[in-house]
Amino acid sequence: MSDAKRDLPPVRDKERFLIFGAPAIGDEEIAEVLATMHSGWLGTGPKVARFEQDIMAYKGTAYAAAVNSCTAALHLSLLALDLAPGDEVITTPMTFCATVNAIIHAGATPVLADIDPVTMNIDPDDVRARITPRTRALLVVHFAGRSCDMDALCAIAVEHDLALIEDCAHAIETEYHGRKAGTFGAFGCLSFYVTKNVVTGEGGMVITNDPAHAERIRILALHGMSKDAWKRFGDEGFKHYEVVAAGFKYNMMDLQAAIGIHQLARIEPNWRRREQVWNRYQQAFAALPIGLPAPPEADTRHAYHLFTILVDEPRAGISRDAFLDAMTRQGIGVGVHYLAIPEHRYYRDRFDWPADAWPNAVRIGRQTVSLPLSAALTDDDVNDVITAVNRALA
Ligand SMILES: *Cc1c(COP(=O)(O)O)cnc(C)c1O
């Protein structure tokens with residue numbers, strides 16, 4: 001790397017550092033949080049129930065169970081499948097560690113199928129190649145908000161009698177052939193973490209059409225206490241509960257739902273703003289020596305959660321990590337989604353995974369950089385990102 005690159009002047013100074021993934025929070029969210037504080041009911045209560053209703057209406061599912069993270073949603077969904085030790089769950093190496101950790105915590109063995117290098121989603125052909133007599137479930141991730149190939153994946157699930165779970169952490173708005181992501185299999189798991197498309201700070205939800213699964217997840221999410229335990233402090237009179245399972249402390253608070261209700265109400269304008277920013281980046285970077293996201297597929301809806309570029313050192317003239325540094329030094333926050341799962345020491349050591357079994361995910365994980373893509377970005381912010389990318393590559 002040349003010294004000129006090292007000495008890049010900031011596009012934005014320290015006080016104006018562009019925080020990666022900072023959400024668009026409106027006055028409605030702030031007023032609802034204040035009202036919740038004044039109401040005295042901060043914990044799980046009527047606002048969580050309303051947020052669940054709103055998500056059910058948005059996704060068109062019969063049930064939704066709010067929890068305190070997508071990680072919890074994934075864990076409970078996998079537990080509801082009653083997997084036995086040695087059972088295998090196939091997932092993607094191009095995901096956040098929580099996807100794989102949830103499989104491990106549910107007592108099963110994660111098996112990775114490589115990604116398609118263009119869509120960056122799990123490759124159905126490689127899924128087929130990884131199926132064994134112990135395979136029980138398929139946990140797919142709609143990477144960056146782009147739908148997986150659900151026709152192919154659903155066909156595999158039916159053919160091999162596998163449960164299907166969709167990690168929709170990037171994919172609240174995602175649709176595939178007119179159908180919403182999260183409604184194809186047994187469970188859809190949503191994230192409302194601060195950087196996601198709809199935020200509650202921390203938060204998640206399981207959506208399902210199966211009443212028994214929904215009931216079990218509700219109970220497991222609140223200590224294993226019997227039905228509607230949160231109502232025990234309500235105005236309908238004290239309700240005794242019974243513990244029916246060794247559950248978890250995974251419930252969402254009304255304080256969190258207060259934010260989510262208004263975030264969900266603005267989901268369309270926020271999505272349109274991210275689409276604009278996405279298109280602006282595509283145009284501005286078209287001639288640069290970097291890889292750009294594939295255009296959205298016909299008859300699908302992309303959720304535009306991440307804008308990931310690929311920095312391949314021989315072509316770009318700068319390494320991925322030097323590019324990350326150059327962006328940060330110019331005052332622009334960036335992310336990496338993701339270093340491939342088998343590149344993390346814990347998984348490699350525990351599962352004895354060979355380094356070369358997932359070439360597409362490993363290569364992309366070493367080249368990928370996520371640029372800011374939030375509805376909170378102003379046109380000036382977007383111009384600053386574009387300037388900084390051009391200078392880092394110059
Ligand atoms: C963010 C994320 C999660 C975890 O979500 P939390 O709500 O933070 O637990 C899981 N999977 C993917 C793909 C994610 O991006």
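How many aromatic pairs does a search of the whole structure find? Good morning, colleagues. The structure before you is a predicted model, and the search returns 15 such pairs.

Let me present one of them. A pair of aromatic rings is described by two quantities, the distance of the centres and the angle of the planes. For W278 and F307, the ring centres are 5.2 Å apart and the planes stand at 80°. Since planes over 60 degrees apart count as edge-to-face, this pair is therefore edge-to-face. The two partners belong to separate elements: W278 is part of helix α10, which covers residues 267–284, while F307 is part of strand β11, residues 307–310. The pair therefore ties together parts that are 29 residues apart in sequence.

I now turn to the ligand. Where does the ligand sit? Its place is in the largest pocket. Around the ligand there are 15 residues, and the closest are T71, D167, H170, S191 and K196. Sorted by class, this shell contains six nonpolar, seven polar and two charged residues.

Which atoms approach the ligand at the level of individual contacts? Two contacts involve side chains. In D167, a side-chain N or O atom is 2.7 Å from a nitrogen atom of the ligand. In S191, a side-chain N or O atom is 2.7 Å from an oxygen atom of the ligand. The backbone takes part as well: at C70, a backbone N or O atom lies 2.8 Å from a ligand oxygen atom. As for cover, the ligand on its own has 380 Å² of accessible area, and the protein covers 94% of that area.

Thank you for your attention.

Note on methods
Residues numbered from 1 in each chain as written. Predicted model: local features only at pLDDT ≥ 70, side-chain atom pairs only at ≥ 80, totals over all residues. Heavy atoms only, no water. Near = heavy atom within 4 Å. Polar contact = N/O pair within 3.5 Å; in protein donor to acceptor, adjacent residues only side chain to side chain. Areas by Shrake-Rupley, 256 points an atom, 1.4 Å probe, with all protein chains shown as cover. 1 Å grid on protein atoms, 1.4 Å probe; cavity = no way out; pocket = protein on both sides within 12 Å on 5 of 7 lines; lining within 4 Å. Sits in = over half its atoms within 2 Å of the grid points. Nonpolar A, V, L, I, M, F, W, Y, C, P; charged D, E, K, R; others polar. Phe/Tyr/Trp six-rings, centres within 6.5 Å; stacked < 30°, edge-to-face > 60°. Helix = DSSP H or I, 4+ residues; strand = E, 2+ residues; numbered from the N terminus.
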